[in-house]
Amino acid sequence: MPSQKLKELVKISDWDFLGLSEKIISTYTKPGDKVILPYMSADNFVFELAINERQCLIYDNNPLVRINFEADFFYPSLAGIKTRLSEIKVVGDFPDCGVKKFLHPRTYNEAMAIRLFLDSEPKDAINLWIKYLSAEALRMPKTSKGELEELEYIDIKDFILKKYKISFSEVDPMRLLLLHKSAPEFLHDEKELDEILKGTKVKTY
């Protein structure tokens, strides 16, 4: 058998590469179509779908997907964040769940109060941002002046407000308008997917 030669590599420009997603979308879908992404690995393709007026359904049962990606598509007002944080009350000390020794006592109690609040409240965009930024706050370097001294206190609520204000101020207003019209839906089980599709056939390529 004659040996098969590898195809020659084709160089493409940065512009062509950036336009690849749009080319795929326009070739295989039309405005108003629902596009299913079985796994969420990056938000660029989802944003391209929104720009081209396609409704994106993201089906991924990984719980970290919601925390790491969904916040990129829903931006509540700063006032909404402030109001929600004011509803979270830190009352008394929480029992140790195994991590208390790594945090200042006030930081630990505030983190547990936020966790308790989020567990009992709707999973809306505001709570999603609070959860996302709380995790960011707890990843801050923990410092102490000496082995016997307390760790530095981190005001989680204050951190959330400051961090969100920066994030919100850096969002392109056009992105907000586009996503408001064609915001993606995050699905976490097959029942949700079946209800949305309602028996509609799905093409695969």
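**View 1. Overall architecture of the predicted chain.** Helices, of at least four residues, and strands, of at least two, are DSSP runs numbered from the N terminus, and in this predicted model the secondary structure of the protein chain comes to ten helices and three strands. Read from the N terminus on, these elements follow the order α-α-β-α-β-α-α-α-α-α-α-β-α. The protein chain has 205 residues, of which 33% count as buried, and its accessible surface comes to about 14,600 Å², with 57% of that area belonging to carbon and sulfur atoms. Among contacts with a separation of 6 or more, 66% are between residues 24 or more positions apart.

**View 2. The largest nonpolar core.** This core holds 24 residues, and I81, I130 and I160 are the ones that touch the most other members. Helices α5 (78–86), α6 (105–120), α7 (125–138) and α8 (156–169) each supply at least two residues of the core, with the largest share, seven residues, coming from α6.

**View 3. The surroundings of I160.** When neighbours within four places in sequence are left aside, I160 is in contact with I81, L85, I130, L133 and S134.

View 4. L20, I24 and Y28 together make a nonpolar surface patch of about 280 Å². Y28 lies in helix α2, which spans residues 20–28.

Definitions and conventions
Residues are numbered from 1 along each chain as its sequence is written. This is a predicted model: local features need pLDDT of at least 70, side-chain atom pairs count only at pLDDT 80 or more; totals for chains, interfaces and linings use all residues. Side-chain values use heavy atoms; hydrogens and water are left out. Patches are made of residues with over 30% relative accessible area and no salt bridge: like charges are joined within 9 Å, nonpolar side chains (Val, Leu, Ile, Met, Phe, Trp, Tyr) within 5 Å. Accessible areas come from the Shrake-Rupley method with a 1.4 Å probe; for residues, only the protein chains shown count as cover. A salt bridge is a side-chain nitrogen of Lys or Arg within 4 Å of a carboxyl oxygen of Asp or Glu. Buried means under 20% relative accessible area, exposed over 50%, partly exposed in between (1.4 Å probe, protein chains only). Contact means heavy atoms within 4.5 Å. A nonpolar core is a set of buried Ala, Val, Leu, Ile, Met, Phe, Trp, Tyr and Cys residues joined through side-chain atoms within 4.5 Å.
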